[in-house]
Amino acid sequence: MASLSVSVIVGLLVGSTIGVNNGLARTPQMGWVSSKKPKYPLVCSNASHSCADTLENNWNSLGCDVSDSLLLDTSAKLVSSGLRDVGYTYVVLDDCWSAGRRDSDQWLLADRKKFPRGMKAVADDIHALGLLFGMYSSAGEMTCARFAGSLDFESQDAQAFASWGVDYLKYDNCYHMGRFGTPQISYNRYDVMWKALNATGRPILYSLCNWGEDYVHTWGMSLANSWRMSGDIYDAFTRPDALCSCDDAKDPHCIAPGTHCSVLSIMNRVSAFSDRAQPGGWNDLDMLEVGNGGMTDDEYKAHFSMWAALKSPLLMGHDLRTMSPTTLTILNNPAIIAISQDPLGLAVNLARRDTNVKKDKYGMGETHLWTGQLAGGDQVVILFNAADQDIHMSASLEEIFYYEGPEGSAPQAKQAWDVYDLWAGRMDIETAQKILVDDDDLRSREQLLKEANWYNSSAMSYKEGLKSGDSRLLGKKTSSIAAGGTLSVLVKRHSAEAFRLRNPGEKTARYSVAKDEL
């Protein structure tokens, strides 16, 4: 197995867990998280990836139904589907794992009906598959599901997590006993667990889930590897909801981050501080909804593309045990994942937003141009269409490189660029169906992936693959833009077109204010 063993990872990182640079999440973390998903009827219009293909099983209701077998079955599916080998390495157990109380010595207790072998045995089995194990708690007296929280028990709980072999802690915000309201108060509450995790000597990725409260995007990078910047996502592309009241991207004073936040709502929210993402610390836009049935194939592709380009952690939130071939072909696209895992570590920025377009049934409608710098002098460009109609969208090189020089002053705007479509190499449905056949023949699946020439990041990292110019990570060349020219493309309703621009000539120096991770 080409994956790094946990013992090797620990050996490399112990002793470096000081500050945000704990050696972890130098690119956004990827994996799967057990979390309740809403139940919606499927809407699908893509002829090549049909509704029958997209449907998982119509209903995904994990909720608090977590168990030893769920985690191990999911881990096995990550391996057999090839998802581990495109980068999804964390298996994160969310809420409801606890017995709900502490023992007489105040140690956390796992639910013995759900986890009869204990958490250490689960972690050992997950590690044996070349994967990493994550758990959940809350910086409150209780978790969101009203189990025992970790507030004022941080040191003891961190020791427990480390002794169980935990590699990742998702740390929530429920029942915080009023300890919020200013950045300093929230920082201090989360800093206690950060220091407690570091004191264990075990590298544990620290993921804050405080819903964007108290300006977390201004201080999260000082103590965490990622921080939730909004209320909870749900499986909708544009639908507004009263529970997700923060709808002004320019207003940091939203009182109720809430829940039921659409893809569009979260994108607009993060646009005001997308540049805060950096190697080791990332804006967390919440889990991926791909495969849960509430959006179309085009909407899920757009959702996945944007989360990757905005450098959000890519944590799948569907039931892998019933994953469809269509879902697999979205989540395993190495050309999109390479944008997420680009070693430069810069998120895209919103260069243009147009609301003067046809509105959908929810009264929502807008188009975006997102653009950002990549390692090696490349550029990622996403034309995002949340209007209720197909639109011919354009972006000039002046706009695309605006952040490196306004009004066409960027030298890149005066150069020619080749355009690579990041979805042109999407895996075909027939191959995906064969990979997902429910049998134990792992070797035949590995052979299928080799025959498909699918990228394996366990064998070669994205950093090394991009350095070597691996074509599987670059997309398919579809056109070129002349110096001073414009990129133009038809973008279907509720979809996005994602491109990598590459300069075929001499590279020019790029504007940067960040450390070069290469």
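The axes are lines fitted to C-alpha atoms, for helices over the stretch in contact, and the angles run from 0 to 180 degrees between N-to-C directions. The model here is a predicted one, with local features needing pLDDT of at least 70 and side-chain atom pairs counting only at pLDDT 80 or more, while totals for chains, interfaces and linings use all residues. Numbering starts from 1 along each chain as its sequence is written, and side-chain values use heavy atoms, with hydrogens and water left out.

Overall, the chain holds 15 helices and 18 strands, where helices (H or I, at least four residues) and strands (E, at least two) are DSSP runs numbered from the N terminus. Of its 518 residues, 60% are buried, meaning under 20% relative accessible area, with exposed set at over 50% and partly exposed in between (1.4 Å probe, protein chains only).

Now for the helix pair. Helix 3 (residues 68–80) packs on helix 4 (residues 119–128) at about 5°, with 10 Å between the axes, and the two are therefore roughly parallel. On the helix 3 side the contact uses Asp68, Leu71, Leu72 and Ser75, which meet Val122, Asp125 and Ile126 of helix 4. By class, that contact comprises four nonpolar residues, one polar and two charged; Ala, Val, Leu, Ile, Met, Phe, Trp, Tyr, Cys and Pro count as nonpolar, Asp, Glu, Lys and Arg as charged, and the others, Gly among them, as polar. Helix 3 itself spans 18 Å from first C-alpha to last over 13 residues, close to the 18 Å expected at 1.5 Å a residue, the expected span being 1.5 Å times one less than the number of residues. Its buried residues include Asp68, Leu71 and Ser75, and just past its end Gly82 adopts a positive phi of about 85°.

Helix 6 (residues 183–199) runs to 17 residues and 24 Å between its end C-alpha atoms, close to the 24 Å expected. It still has a kink of about 25° centred on Asp191, the bend at a residue being the angle between axes fitted to the seven residues ending there and the seven starting there. Asp191 is also one of the buried residues of helix 6, along with Arg189, Tyr190 and Trp194, among others. That buried set packs against helix 5 (154–164), strand 6 (168–172), strand 7 (205–208) and helix 7 (216–219). Gly201, which follows helix 6, has a positive phi near 80°.

Ala25, in the loop between helix 1 (6–13) and strand 1 (30–33), has phi near 55° and, at 12% relative accessibility, counts as buried. Asn453 sits in the loop between helix 14 (442–451) and helix 15 (462–467); its phi is about 55°, but at 46% relative accessibility it is partly exposed.

Finally, Cys144 lies in the loop between strand 5 (132–138) and helix 5 and is partly exposed, at 34% relative accessible area. Leaving aside residues up to four places away in sequence, Cys144 touches Asp95, Tyr136, Asp172, Cys174, Tyr175 and Trp211. Asp172 is 28 residues away along the chain, yet the two C-alpha atoms are separated by 7.7 Å.

Technical notes. Parallel < 35°, antiparallel > 145°, perpendicular 65-115°, else oblique. Contact = heavy atoms within 4.5 Å.
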